[in-house]
Every structure is written in C-alpha cells, then in structure tokens.
Amino acid sequence: MSSKLDILVLGSAAGGGSPQWNCRCAVCARVRAGGAGTAVRTQCSLAVSADGGKRWVLLGASPDLGHQLAGHAAFLPRVGRRHSPISAVVLANSEVDHIAGLLSMREGHGFGLYATAATHAVLERSAIFKVLDTALVSRRVVDLEVSTPLIGIDGASIGMSIEAFSVPGKVALHEEQAGQTPSLGELGEQVVGLKVSAGEKYFFFIPGCAAFTPELGERLGAAPLVFFDGTLWDDEELVRQELSSKSGRRMGHMCIDGANGSLAYFSGVEIGRKVFIHLNNSNPVLLADSPERNRVEAAGWEVAYDSMVLHL
Ligand code: MLT
Ligand code: MN
Ligand code: ZN
C-alpha cells in the first residue's frame, strides 16, 4: 500500500489569533468587521494522519484546541465512553501558543507527547502541566537529526515518523528573565523545525524561525511541501503600529519582506508548495486583497487558513 499524509490546518494564526481579542490594528479591524477578503484564524496547529484519518497527530497544541477539535467531526469520540482519535502531539517549541492546548487534553486520554529534552524540561518546570498524568501521557524525548517513529499509547505504530532539527530561535517568552534580553537566533533544542514522513511522503513544519541559514535551504530543497513562519510582514511592523516595542528579530521571528526576509531567501529554494503559517494578527498578508498578499502569491506562496486541507 502506498503511503499518504492527510494534513488539516487546525489553526493558522500566531499567538493571540486573528483578530486578537484586545487589538484594534488595521488588519484586526478589517477581520473583525468580516466580509470579502477576511477570515478569522485561530492559533497555529496542524493535524496529520497517515492512515486515512483513523489516528491523528497534532503538531502543536494551541490555546484554541478545544474549539478547533469541536469544529471537525474527525476528532469526535468514536467508541466507548471516552475516546479520541488523537494519538500523539509533537511540539516544535514551548511558546504558549504551541503548548497551552495540552491543558485541554487532561481528561484521562492517553497519547504520546513528543518534544526535545529542552521543551520537555520547560513543561516539567511549569507545574500546571502535571495535570497530564504521566501514566497516560507518555513523555517521549525527540533527539535532533534522528527520524523517530511515532507510537500510540497502545504501543502500535502510527505510520508516521518525525525528525526535529534546530532552527535559529530563542527561549519561549514565558521563560525569559525579567529585564534581560535573551540570546537571539541561537541554534539548540528550544526551537526546532519538524520533518514529518510516512513512507516516501514528507513535509516540513517550521512555525518559528529567527533567521534563514544555508543549511536550512539545503535541507528544504526539493521538498514537496513546507509550512513556514509567516509571523510578520516586516521587522518593524509592531513597533510602527504602536502595537509593541518589539521587533520581529527580538521576538524570534524572521519576517517575510526585505533583504533578510523569507521571500528573498526562499526564491532560491525549489519547493513544491510553500505555505506561510503562524501569521500574526498585524500581518497584511492576512487580507486577501492586500498588495502584500499579492506579493507572496506572485512569489509562489500560499497563506494558510483555518480548515485548509492538504494531501500528500
Ligand atoms: C511567539 O511566537 O513569538 C510567541 O507565541 C509569543 C507569545 O507567546 O505571545
Ligand atoms: Mn507563537
Ligand atoms: Zn491586530
């Protein structure tokens, strides 16, 4: 039987979603008003299945997970009194928007929780995650650069492997020390990209990346599908709109536009489908009729939206 991967975008926005509850930026105002060219987006998470939807793996557990799961019949309980087709969760980093949804998965359901040792350590330091009973939720450490077959709580293969690799990043916002600027653009275990494979099918999920590297270009070359950090259009976007004092660089996200942006860097990389994800509410590419959306589409990119479905 030939392998396949079904991918469902549960959430496509960065932390806060779009529109963000307390934001009156131009994009949030347009999205909140609704109408042509706008779409509400929840916080970033993918669901992936290699067996036609019998079992699903989540890449990231967003704070919106409860609503995201309730919105798709595929994730409803199917047998007995307690059941979920979610067999594993894989974490790319420990930012709130990638881990808070774990707290909504505490009702006695067993699954494999895959993350680097550094990300597991963050969860262990945060006492609230003790609600995930270790007898049911098995912590599985993912080593960098090693293909790890995913296994359900029953010990059976999920038919999918993941490989984590370091991308430039910083510690999660909630792990920063007050008054100190963390080391920016570090390579380590705190922020990783994920290669998800089933047989010969594979794609990359890189929701956070502080900078492009030649090594990353080589790794992604010829990939059929890449989801990539689309947080900000430009580095000063939040500062200019008086939404924050932080640049994209300070937040640990490379931007889309400019000489150091993803549009420029990816123009030299041959990729089947390139999809921006983890889109901040301020990013004008969220609006289907914006000049910025035209620019990314002209460069061969797609902009992820909630409930987007892709098949490999
Ligand atoms: C990020 O991606 O930079 C974080 O999600 C920031 C945050 O937690 O607000
Ligand atoms: Mn985030
Ligand atoms: Zn906004």
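I started with pockets: ligand 1 takes up the space of the largest one. My grid was 1 Å over the protein atoms alone, a pocket being an open set of points for a 1.4 Å probe with protein on both sides within 12 Å along at least five of seven lines. This is a predicted model, with local features needing pLDDT of at least 70 and side-chain atom pairs 80 or more, while totals for chains, interfaces and linings use all residues. Residues count from 1 along each chain, chains are lettered from A and ligands numbered from 1 as written, and side-chain values use heavy atoms without hydrogens or water.

Next, the shell of ligand 1. I found Glu95, Asp97, Leu173, Met251, His253 and His278 around it (a heavy atom within 4 Å). By class that is two nonpolar, two polar and two charged residues.

Then polar contacts (N or O pairs within 3.5 Å). Oxygen atoms of ligand 1 lie 2.9 Å from a polar side-chain atom of Asp97, 2.8 Å from one of His253 and 3.2 Å from one of His278. The protein buries 79% of the 270 Å² that ligand 1 exposes alone (Shrake-Rupley, 1.4 Å probe).

Last, the zinc ion, ligand 3. I get Cys23 (SG), Cys25 (SG), Cys28 (SG) and Asn281 (OD1) as protein donors at 2.0 to 2.3 Å (cut-off 2.8 Å for N, O and S, or 3.2 Å for Na, K and Ca). Their spacing reads C-x1-C-x2-C-x252-N. The site is tetrahedral, with angles of 96 to 120 degrees (all must lie between 85 and 135).

Note on methods: Polar contact = N/O pair within 3.5 Å; in protein donor to acceptor, adjacent residues only side chain to side chain. 1 Å grid on protein atoms, 1.4 Å probe; cavity = no way out; pocket = protein on both sides within 12 Å on 5 of 7 lines; lining within 4 Å. Sits in = over half its atoms within 2 Å of the grid points. Nonpolar A, V, L, I, M, F, W, Y, C, P; charged D, E, K, R; others polar. Tetrahedral: all angles 85-135°; square planar, octahedral: opposite > 155°, others 65-115°.
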